[in-house]
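Me: I am new to this structure. Please show it to me, and then I will ask about its parts.

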Amino acid sequence: MDEFDIERVADPDLDEPVLVEGLPGVGHVGKLAAEHLLEELESELVRRVYSTHFPPQVSIDEGQAQLACAEFHAVTPEEGQDLLVLSGDHQAQNNQGHYGLTDTFLDIADEFGIQRVFALGGVPTGELIEEYDVLGATTTEDFKETLEESGVAFREDEPAGGIVGVSGLLLGLSKRRDVPASCLMGETSGYLVDPKSAQAVLEILQDVIGFEVDYSSLEDRADEMEEVVRKIQEMEQQNSPSPADEDLRYIG
């Protein structure tokens with residue numbers, strides 16, 4: 001197999017599509033958002049990308065093996081722009097792979113005439129949160145103004161340390177290709193899979209692009225995660241020392 005191997009599945013005509021990337025990352029925010037789009041909107045698999053930079057494994061679905069890959073689906077919603085959605089279960093395992101895969105992804109996007117790029121992800125807060133802001137980074141001032149109008153926050157020096165992986169490289173390499181690109185990052189604790197953060201990101205994207213989706217399944221998953229958090233908090237409270245215990249330890 002080649003270092004980067006593209007399987008052509010279908011070649012639909014898309015009308016000025018935008019690329020939406022949602023690969024695994026902090027809180028699985030981008031991955032959840034991309035998968036929700038594919039579940040809620042009619043989509044068609046158009047490309048698979050295989051690489052020796054992905055982990056050496058296969059996934060199993062009802063006994064059928066599938067080599068690790070990334071997938072592109074074409075989405076043509078009744079309202080809003082056409083989408084090319086990039087999803088998958090893995091990112092590259094090294095720097096060379098990240099650069100090579102991102103270039104390959106953009107080559108495929110170019111084949112479909114991509115007009116804009118949206119990378120979706122999470123930014124960790126280190127604590128559980130109630131209100132989910134969406135932070136942004138972009139390559140053009142016009143794009144920034146559009147996203148600010150939809151409620152995206154642009155904060156100085158955030159996210160600290162920049163944006164790593166495919167999401168970050170999509171901005172950097174798209175800029176070199178003169179393709180407007182942005183990263184939408186939902187705030188998340190960083191400890192758990194975060195459906196609420198994924199919904200916050202999708203609501204921004206929905207406002208910018210104009211598609212319509214139902215969020216019921218994401219809300220159900222969020223309820224499940226809140227129950228998990230509640231149980232964790234209860235366990236922490238049960239295991240926390242009483243004031244008397246603290247005094248005894250101090251005296252000892």
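Me: Which residues of helix 1 are buried?

Reply: This is a predicted model, in which local features need pLDDT of at least 70, side-chain atom pairs count only at pLDDT 80 or more, and totals for chains, interfaces and linings use all residues. Residues are numbered from 1 along each chain as its sequence is written, and side-chain values use heavy atoms, with hydrogens and water left out. Buried means under 20% relative accessible area, exposed over 50%, partly exposed in between (1.4 Å probe, protein chains only). The buried residues of helix 1 are Val29, Gly30, Lys31, Leu32, Ala33, Ala34, His36, Leu37 and Leu38.

Me: How many of the 12 residues of helix 1 are buried?

Reply: Helices (H or I, at least four residues) and strands (E, at least two) are DSSP runs, numbered from the N terminus. Helix 1 is mostly covered. Its buried count is nine.

Me: Which residue in strand 8 is the bridge partner of Glu21?

Reply: Strand 2 (residues 18-22) and strand 8 (residues 116-124) run parallel, joined by four bridges. The partner of Glu21 is Ala119.

Me: Is Asn239 buried or exposed?

Reply: Asn239 sits in helix 6 (residues 216-239). Its relative accessibility is 65%, so Asn239 counts as exposed.

Me: How many Å apart in space are Asn239 and Glu21?

Reply: In sequence, 218 residues separate Asn239 and Glu21. In space, C-alpha to C-alpha, the distance is 41 Å.

Key. Pairing = 2+ DSSP bridges.
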